[in-house]
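Welcome, and thanks for opening the viewer. This tour tells you what to select at each stop and what you will find there.

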Amino acid sequence: MTQPFLSIRAVRKTFGAFVAVHDVTIDVPKGEFLTFLGPSGSGKSTTLYAIAGFQDPSSGDVLLEEKSLLSVPSHKRNIGMVFQRYTLFPHLSVAENVAFPLRVRRRPDAEVKRKVADMLALVRLENFADRYPGALSGGQQQRVALARALAYDPPILLMDEPLSALDKKLRQEIQAEIRRIHRETGVTILYVTHDQEEALHLSDRIALFKEGRIEQIGTGEDLYLRPASEFVAGFIGNSNFLPAEHLETAASAATVRLADGSILTGLKATRPFDKGQKVRLMVRPEALSLTPGPASVALAVDIVDTAFFGDRRRVVARTAGGDEIDVRPTSDAAEPADPSASGQRIFFDPASAFLFPA
Amino acid sequence: MTAFKRQSFAGLPAGSGGAVPALLLVGLFFIVPVVALLLRSVTDPEPGLQNYAALFGSGTYVRVFLNTFLVAAVVTAVTILVAFPVAWMLAIMPPAIGSIVFGIIILSMWTNLLTRTYAWMVLLQRTGVINRALMGLGIIHEPLPLINNLAGVTIGMVYIMLPFMILPLVGTLRAIDPMTLRAAALCGAGPFQAFRRILLPLSLPGIAAGGLMVFVMSLGYFVTPALLGGTSNMMLAEMIAQTVQSLLNWGLGSAAAFVLLVVTMALYAIQLRLVGAGRPGGGL
């Protein structure tokens, strides 16, 4: 493998006795859109700040094209960053904000002018050049911040929850803008968010953080379809978890006994389990249906509630063991004939279910 | 301040009858004496502008005016230079420690002015603590002239004016999001560039407010210049006191006081215009 563009090597950050980041190692190829996803306090922002130079890691190294960044102060790292809060300079106009990084680099006026025009065109704010930040909406301010961060063609763009202060519709709009800008500029982007939908929508790869460690890193599909742990399965998308007992695994197809005594077979084990070991069975709501498929197994349930959501139905079922299960069949699937009748069954393909250690 | 300007010039809003006692108070204790002062300056000893003519015609008085502005300007400049780092430290310090430092600054304001000025006399005189310490350390061989001159006045007055500069400045600096400075750093601005292009422009409203207050207070200052200054750099307030008390020339004293008042009001009007009609975001 060729040398990675950006390399985060065993970065560790402690605050007193608290370890915020445990030896995180990631290699980022040039042009990748990599997202650090995780709940708050999982160490994703701390890792980003180590790259930005706001917090020196306690140990480990950050290399850009094989040169360590750690001894380089923030203002010489040549990294672009968009922050969670609006950090435009309030006393400067939109154009002056975008020009700022070029002015401090003492670039010639003609170049500054041209670049500012290019950047404002990139974020589609050409007509706002003379406005002041106070006269812009939150979404517009973040687009200006993006233009400012890209004005000096930084090799890496860091984005620290840039959309978290915006409402949902605006967020989706700007996500599309960010995708387009990533496509058009080819800049390497490290993006921090706690919103899994945002991560799935934007990223080439996602690093899912948990308690200062990377739980899993891979494409959105990897994390959604092949979660490495119960945490990943629970964080990315919706999941149902049922307690079960592992009976045996043959040819990577596992057999378990559920709390109600029913036996399910042909399940995917994420690792070897012992006989009798307590496990958790995970199945996605959209993998469950009310009608049997060619290879499906069945669960006996009571139907608690049904609702119609346009593209999908939502059915809440309860197992004899008392566990609630969320079922999301497509809306063309038939509704249960009589939801209140007992002895209902829901079905799923065992190949779409996973077993995790309890 | 903008709101104050609007209210006082655009007339009183309906139902502001509750303001009558306050207006009476201001009228009785501020406007009436000022009008009396103005009248006195043009009637004492006889009607006419001879007091103003004497004031502006005499080299001595003009020198006192110029010296007053010089001292006020130097004091304001030095106060800004000393206050800025202190205010910045207070703004970024953990609140617990910050409030202790704040308390020390406020406490100094509560100590009697005369006491503090006499303390400086003890420290600054030829055989004072500072000169003796420096000579004892062998840094100087002759005592430095620290008192009865511009240096003495500046030191004494800067010390007294500092809180009036620090307080508005801390407010302005605290309102600046530290993330803005991080953003500036990542944009490539080193510490000096970040200061000059971001921090300084953003703190200008605080510097202007504090600076004007210090300048105006310095213009009319009496005790400290009288005790720490020399005869060659007399300030206006001291001159007025002498004119009235020793020379019993009430007309001339009133004229000088009125000129001082007009200058002060003019400066205030300029500041209102600068701050009130600032650029968007300039008030942050």
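Is Glu211(A) buried, partly exposed or exposed? Select Glu211(A) and look around: with 15 C-beta neighbours inside 10 Å, Glu211(A) counts as partly exposed. The label follows a count of other C-beta atoms within 10 Å of the residue's own, where 20 or more means buried, 12 or fewer means exposed, and anything in between means partly exposed; the C-beta atoms are placed from the backbone.

A word on the model before moving on. This is a predicted model, in which local features need pLDDT of at least 70 and side-chain atom pairs count only at pLDDT 80 or more, while totals for chains, interfaces and linings use all residues. Residues are numbered from 1 along each chain as its sequence is written, and chains are lettered from A and ligands numbered from 1 in the order in which they are written.

**Stop 1**

Helices (H or I, at least four residues) and strands (E, at least two) are DSSP runs, numbered from the N terminus. The phi of Glu211(A) is near 50°, a positive value in a residue other than glycine. Most residues other than glycine have a negative phi, and most peptide bonds are trans.

**Stop 2: the domains of chain A**

Now colour residues 6-234 of chain A as domain 1 and residues 243-357 as domain 2. These bounds come from an automatic or database domain assignment. The centres of domain 1 and domain 2 of chain A, taken over C-alpha atoms, are 39 Å apart. Where the domains of chain A touch, domain 1 gives 5 residues and domain 2 gives 5 residues. Two residues are in contact if their C-beta atoms, placed from the backbone, lie within 7 Å. On the domain 1 side of chain A, the touching residues are 3 nonpolar, 1 polar and 1 charged. Ala, Val, Leu, Ile, Met, Phe, Trp, Tyr, Cys and Pro count as nonpolar, Asp, Glu, Lys and Arg as charged, and the others, Gly among them, as polar.

**Stop 3: chain B as a whole**

Chain B has 13 helices and 0 strands, and its C-alpha trace spans about 70 × 70 × 30 Å along its principal axes. Of the 284 residues in chain B, 30% are buried. Among contacts in chain B with a separation of 6 or more, 75% join residues 24 or more positions apart.

**Stop 4: where the chains meet**

Bring chain A back. Here 20 residues of chain B are in contact with 22 residues of chain A. On the chain B side, helix 9 (178-186) and helix 10 (191-219) are the elements that give two or more residues. Helix 9 of chain B gives the most, with 6 residues. By class, the chain B side has 11 nonpolar, 6 polar and 3 charged residues.

Which residues of helix 9 of chain B are buried? Select Thr180(B), Leu181(B), Ala183(B), Ala184(B), Ala185(B) and Leu186(B). Their cover includes helix 1 (44-52) and strand 6 (80-82) of chain A, together with helix 10 of chain B. Just after helix 9 of chain B, Gly188(B) has a positive phi of about 110°.

**Stop 5: helices packed on helix 8 of chain B**

Select helix 4 (residues 59-92) and helix 8 of chain B, which pack at about 45° with their axes 6 Å apart. Axes are lines fitted to C-alpha atoms, for helices over the stretch in contact, and angles run from 0 to 180 degrees between N-to-C directions. The residues of this contact between helix 4 and helix 8 of chain B are 24 nonpolar, 2 polar and 1 charged.

From helix 6 of chain B, the contact residues include Trp120(B), and from helix 8 of chain B they include Gly156(B).

**Stop 6: two loops in chain B**

Finish with Pro45(B), in the loop between helix 2 (20-43) and helix 3 (50-57) of chain B. The peptide bond from Asp44(B) to Pro45(B) is cis, with omega near 0°. Then select Leu248(B), whose phi is near 55°, a positive value in a residue other than glycine. Leu248(B) is exposed, with 8 other C-beta atoms within 10 Å.
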